[in-house]
Amino acid sequence: MKSVNETSSVEYANIATQHTYNGEEFPAIVVNSTGCKTVADTVEFVRANQAELEAKLADTGSLLFRGFPLDSAEAFDVFSAGFGYPNFTYQESLSNAVRINFTERVFTANEAPKDIEIFLHHEMAQTPISPSKVFFFCQSAADEGGATPLCRSDKLFEALKAEDPSLANDFKEKGLKYTTAMPAADDANSGQGRSWKSTLSVETVEEAETKLSELGYSWEWLDDGSLKAITPVLPAVVELGDGAEVFYNQLIAAYKGWKGVKENPSSAITFGDGTPIPKEGLERISELAETFTFDLEWQDGDVAIVDNYRTMHGRRPYGGDRKRVVLVALVASDR
Ligand SMILES: [Fe+2]
């Protein structure tokens, strides 16, 4: 077996369900071809090949590492830190999911119950502060289901432009506003149950209001102590450095997964000027997105790096007795 130092070549594997876009496999699958036996070997492999791995990630939008010796939150922390990217902490994020921190960098992906599907989204695109990359680590795969769907957002928007140019243009020109409810206390049974104190990193109503004004939100306090917050106008579409336009938002997850939104989309999502988004459009986009989605069926020890601008992700429901543990580390944006 070759040692890590004798080669810097990256080897890719193919599986039947992979997609191909512009001649690139989606996702690219990097296998442990150089015999990395320890976490330190793995970090050395990453460092020796970082330029190639980054170029591949930029081209394809998602990289899966399979067969590397990663089996704990600590190992995942060291692996993800090995890339040298700035950390994006859960505390400073405005994520509405309840999560548990394992290390400063690593936390659970989402504590929502296993029968709940988390629909496609760009991480935290419904807030003004979102990460540039998401590292996922499968510590323990579910017996049944529990895949992480990955969707090429540039391809989705290309298809929407071809099919309904006027709707695509409305998204581009008007942007979006989201209305979210932040409960008075953490509710782990909801996919978006993080309390307003935790979400905003504050203790009091006054501090919450100061933070919300700084971020450009408007808000309303409800009788049960929860907070209804409306974002400033956020983009629905973002143009990347290579000219590709991505459907950079939380519309599918909000429409299909947030409580009551399917029945009344305007309760949570509107165009930036406050006008309603047509329901047929939301249905069609959700359908179209599945065309560009690859289901990542996890194996223990897998790590996936997802370019949060080019690729959306979600979580399929799962079953069985085995506890599914998928952990996350986020990279701060340089945009
Ligand atoms: Fe997510």
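Which residue in β13 does Thr179 stand opposite? I began my notes on this predicted model with that point, and I found that the residue facing Thr179 is Ile230.

**Entry: strands β11 and β13.** I then looked up the two strands as a pair. Strand β11 covers residues 176-182 and strand β13 covers residues 227-230. I recorded four bridges between β11 and β13, and their pairing is antiparallel.

**Entry: the open sheet.** I next followed the sheet to which these strands belong. I noted four strands in the order β12-β13-β11-β16, forming an open sheet with antiparallel pairing. I listed β12 (218-221) and β16 (269-271) as the edge strands, since each pairs on one side only.

**Entry: strand β21.** I turned to another strand, β21, which spans residues 325-331. Is β21 mostly covered or mostly uncovered? I found β21 mostly covered, with six of its seven residues buried.

**Entry: partners of β21.** I looked up which strands are joined to β21. Strand β6 (residues 106-108) is joined to β21 by three bridges, and the two run antiparallel. Within this pairing I located Thr108, which stands opposite Leu327 in β21. Strand β8 (residues 133-140) is also joined to β21, here by seven bridges, and these two strands likewise run antiparallel. For Lys133, I recorded Val331 as the bridge partner in β21.

**Entry: summary.** I close with β21 as a strand bridged to both β6 and β8, and with β11 as a strand that lies between β13 and β16 in the order of the open sheet.

Methods: Residues numbered from 1 in each chain as written. Predicted model: local features only at pLDDT ≥ 70, side-chain atom pairs only at ≥ 80, totals over all residues. Buried ≥ 20, exposed ≤ 12 C-beta atoms within 10 Å, placed from the backbone. Pairing = 2+ DSSP bridges.
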